[in-house]
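Dear colleague,

I am handing over the structure below, and I would be grateful if you could look through it alongside the notes that come after it.

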Amino acid sequence: MQGMSERQYAAHVGLSRGAIQKAKAAGRLVLHEDDSIDAAASDQRRAETTDPSKTRKPPAPKLKPVPEAAVAAVGDTLREQGMAVPAVGGGTTFLQAKTANEVLKAQERRIRLSKLKGELVDRARAETLMFRLARDERDAWVTWPARVAALMASELTAALGDGYEVEAALMQKVLETHVRAQLDSLAEIRPGLA
């Protein structure tokens, strides 16, 4: 056999055997005397006689676009770990993205383990508990002057001696004024849980 068989030529050009048989019947292939196909001459004849608009182009690979936020997250993770970060618009390699993914998985597992050990608490729960604690403390200070005013008034009267008397109601009013002023100044402080 001098040339290729129909099956071999079909594999050579990436077409089906039926398409090669049709091209052979239409005279678009160059054949040797033993009816085998002359590959080089047939390729040239097919290129000359084939209408380019009717040829099938291989489908373009379907790539999903990667969101910029994901690419930025990969860069941030690599930067945190002291690894090389691709230039802006330079693209992230598969290896860099995979490395960043593995680093993030390890960080996530470390956080989960810390929560299980009780080393970490839920932020919303901590803020709720801190708010309750601060509110209870404030309420205790607001009611404090009423509880101690009479005691303080009697102690001051005893300390000042005869002729002086401090009224409990006046003492309570003065204490409430100072306690509220202090609580107002504390209310301006807004510590953040950063």
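What follows is a description of some helices, salt bridges and a surface patch.

The model is a predicted one, in which local features need pLDDT of at least 70 and side-chain atom pairs count only at pLDDT 80 or more, while totals for chains, interfaces and linings use all residues. Residues are numbered from 1 along each chain as its sequence is written, and side-chain values use heavy atoms, with hydrogens and water left out.

I begin with helix H3, which spans residues 39-49; helices here are DSSP runs (H or I, at least four residues), numbered from the N terminus. Its buried residues are Ala39, Ser42 and Arg46, where buried stands for under 20% relative accessible area, exposed for over 50%, and partly exposed for what lies in between (1.4 Å probe, protein chains only). Viewed down the axis of H3, these buried residues fall within an arc of 60 degrees, so they line one face of the helix; the arc is taken from the directions that run from the helix axis to the C-beta atoms. That face packs against helix H1 (6-13) through the buried residues of H3, contact being defined as heavy atoms within 4.5 Å. The other side of H3 carries Ala40, Gln44, Ala47 and Glu48, which are exposed.

Next come the charged residues. The structure holds 7 salt bridges, each being a side-chain nitrogen of Lys or Arg within 4 Å of a carboxyl oxygen of Asp or Glu. Glu6, Arg17, Lys24 and Asp35 are linked in a network of such bridges. Leaving aside residues up to four places away in sequence, Lys24 touches Glu6, Leu29, Leu31 and Asp35.

Helix H5 (residues 94-117) contains both Lys105 and Glu102, which lie 3 residues apart, about one turn of the helix. These two form a salt bridge whose closest N and O atoms are 3.5 Å apart, and Lys105 is partly exposed at 33% relative accessible area, as is Glu102 at 39%. Arg112 and Glu108 are 4 residues apart in helix H5, again about one helical turn, and their side chains meet in a salt bridge of 2.8 Å, N to O. An α-helix has 3.6 residues a turn, so residues three or four places apart point the same way. Arg112 is partly exposed, with a relative accessible area of 47%, and Glu108 is partly exposed at 46%.

A further salt bridge joins the side chains of Arg138 and Asp139 (2.8 Å, N to O), with Arg138 partly exposed at 42% relative accessibility and Asp139 partly exposed at 34%.

Leu160 is found in helix H6 (residues 123-160) and is partly exposed, with a relative accessible area of 47%.

Key: Helices (H or I, at least four residues) and strands (E, at least two) are DSSP runs, numbered from the N terminus.
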